Amino acid sequence: MRKICVVTGTRADYGLLRWVIDGISKSSMLQLQIVATGMHLSHEFGLTFKEIENDGYNIDLKVEMLLSSDSSVGITKSIGLGIIGFADAFKELNPDIVLLLGDRFEIFAAATAALISKIPVAHCHGGETTEGAFDESIRHSITKMSHLHFVAAREYQERVLQLGEDPENVHLVGGLGIDNIKKLSLLDKSSLESELEFKFQDTNYLVTFHPVTLDTYSGTEQITELLRALSNLVNTGIIFTMPNSDTGSRPLMNLINNFCSDHEYASSYTSLGQIKYLSTLKYVDAVIGNSSSGLLEAPTFKTATINIGDRQKGRLMASSVINCDPNCISIQNAINHLNSHAFKQSLNTTVNPNGSGGSADKIIKVLESYKYPTKLQKKFHSYP
């Protein structure tokens, strides 16, 4: 049996990897290993490793790497700690391949340790672009450290090939988030309200705003503009999910908490978990912020998205996505457009550019049939 070591650092990447993990655990040809790290192990971010265990999966090792600092120096030191921790973890577990998803600094640390440990890396959701964050550079770096690639769309597949990867090892499987929507039993609206202790209003928005690492204006400036726009709404429920642990996250959290204290119909949550999050996504009128979920998952529900700023610039976007600048007037204009009759009618024809599901099953089939390399030298393949 091939040992597949899945590394997960956040509620978000675990949600996307959930059915891949499940498929590995049930395969007669694969042995599942799980390493939890990053935000999963932080009290501040909800100790979300418990969600993995509650779903019935064993966590083989935990790699503590997240310092109690959201500064550039703190994040850089966290990467260093992560590389040290993953070096020990991979030595102990001795996996045949390390399976990673996305573009966060925790995942970059895991990829670096795997490369130096001469362990092949399989990377999910490569080839995508996010020009407003240094995640862009991290993602492409992980692609070059990986031997096996699972991409969400044809355009992303072509981009991985442009980076010189072997066409035989670049597999178009679609977006992983759609599997959750298809396979999980979501809550009805009444049960969701009870779970959240939140009463839905005439109009409701799900708001997630993460730090911006390469933008001209700081995350604090941008979220201040967003909150100004939201404060003008009436009869509107606002559900905030807290930002991730990137540089500058704490000021954003403080501003969100202050806003919720001053507004009766606003509530914030450190982590909703997959079922409550996706159930919320189903019932709200729109997703507002700069999270990838508004582009990867919301279109499957035909839920509108207001995408603020450049953090997700470069990703494929459904017709349900409204892009706007990170200032109050632009955000207000986007909300006005969102509520127009013509736009609401257009949501019925929304198609998610990341596919219609089944990604996890495709990944499992590849992992079962993959000829695991005994040598890790890679040839640069010119494209086209």
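Student: In this predicted model, what is the order of the seven strands in the open sheet?

Tutor: The seven strands form an open sheet with parallel pairing. Because β3 (61–63) and β7 (170–172) each have a single partner strand, one side of each is left without a neighbour in the sheet, and these two stand at the edges. The twist averages 20° from one strand to the next, and the strand order reads β3-β2-β1-β4-β5-β6-β7.

Student: Which residue in β4 stands opposite Val 6?

Tutor: Strand β1 (residues 2–8) runs parallel to strand β4 (residues 97–101), and three bridges join them. Within β4, the residue that stands opposite Val 6 is Leu 99.

Student: What angle does the direction of helix α1 make with that of β1?

Tutor: Helix α1 (residues 11–26) packs on the sheet, where it touches β1, β2 (30–37), β4 and β5 (121–124). The direction of α1, taken against that of β1, makes an angle of about 165°.

Student: Which hand does the β-α-β unit made by β4, α4 and β5 have?

Tutor: Four bridges join β4 to β5, and the two strands run parallel. Helix α4 (residues 105–116) lies across β1, β2, β4 and β5, running at about 160° to β4. The unit that β4, α4 and β5 make is right-handed.

Definitions and conventions:
Residues numbered from 1 in each chain as written. Predicted model: local features only at pLDDT ≥ 70, side-chain atom pairs only at ≥ 80, totals over all residues. Heavy atoms only, no water. Pairing = 2+ DSSP bridges. Axes fitted to C-alpha atoms, helices over the stretch in contact; angles between N-to-C directions. Contact = heavy atoms within 4.5 Å. Right-handed = clockwise from strand over helix to strand, strands pointing away.
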